[in-house]
Amino acid sequence: FKQKISYADKLSIPYAAFLGEDEVKNGVVSLKDMASGVQESVALTAAPGWLAEKGAGLGVGTPIRDRE
């Protein structure tokens, strides 16, 4: 887990999303602003709007996915 966060930080990924057992059980996703380190729990249905609001003005890129 820590390696993935370090990797995202190294690539200057602005936000990271965490969806573990607790988040699924509570219907939320944890979203972290990688620049400030602030992490918030947001309702799953509100996450796209949160990211759109926070990411406004950022360049558009390709999602990074784990290799299968």
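## Helix 3 and the sheet

Helix 3 (residues 47-55) lies across strand 1, strand 2 and strand 3 and runs at about 135 degrees to strand 3. Helices (H or I, at least four residues) and strands (E, at least two) are DSSP runs numbered from the N terminus. Axes are lines fitted to C-alpha atoms, for helices over the stretch in contact, and angles run from 0 to 180 degrees between N-to-C directions.

This is a predicted model, in which local features need pLDDT of at least 70 and side-chain atom pairs count only at pLDDT 80 or more, while totals for chains, interfaces and linings use all residues. Residues are numbered from 1 along each chain as its sequence is written, and side-chain values use heavy atoms, with hydrogens and water left out.

## Overall make-up

The protein has three helices and three strands, in the order α-β-α-β-β-α from the N terminus. Of its 68 residues, 24% count as buried; buried means under 20% relative accessible area, exposed over 50%, and partly exposed in between (1.4 Å probe, protein chains only).

The exposed surface comes to about 5500 Å², and carbon and sulfur atoms supply 53% of it. Accessible areas come from the Shrake-Rupley method with a 1.4 Å probe, and for residues only the protein chains shown count as cover. Among contacts (heavy atoms within 4.5 Å) with a separation of 6 or more, 21% are between residues 24 or more positions apart.

The strands form an open sheet in the order 1-2-3, with antiparallel pairing. Strand 1 (15-18) and strand 3 stand at the edges with a single partner strand each, so one side of each has no neighbour in the sheet. From one strand to the next, the twist averages 30 degrees.

Strand 2 (residues 28-33) and strand 3 (residues 39-43) run antiparallel and are joined by five bridges; two strands pair if DSSP finds at least two bridges between them. These two strands form a hairpin with five residues between them, and Gly37 in the turn has a positive phi of about 85 degrees. Val29 has Val42 in strand 3 as its bridge partner, and Ser30 stands opposite Ser41 in strand 3.

## Ser30

Ser30 is in strand 2 and counts as buried, at 4% relative accessibility. Its side chain makes a polar contact with the side chain of Glu23 (3.2 Å). A polar contact is a pair of N or O atoms within 3.5 Å; within protein, one must be able to donate a hydrogen and the other to accept it, and residues adjacent in sequence count only if both atoms are side-chain atoms.

Leaving out residues up to four places away in sequence, Ser30 touches Ala16, Ala17, Phe18, Glu23, Gln39, Glu40 and Ser41.

## Nonpolar cores

The largest nonpolar core has six residues: Tyr15, Val29, Leu31, Val42, Ala47 and Trp50. Strand 2 and helix 3 each supply at least two residues of this core. A second, separate core of five residues includes Ala8, Ala16, Phe18 and Met34. A nonpolar core is a set of buried Ala, Val, Leu, Ile, Met, Phe, Trp, Tyr and Cys residues joined through side-chain atoms within 4.5 Å.

Val42 touches Gly27, Val28, Val29, Leu31, Ala47 and Trp50, not counting residues up to four places away in sequence.

## Leu51

Leu51 is found in helix 3 and counts as partly exposed, at 34% relative accessibility. With residues up to four places away in sequence not counted, Leu51 touches Tyr15 and Leu31. Leu51 and Leu31 are 20 residues apart in sequence and 8.5 Å apart in space, C-alpha to C-alpha.
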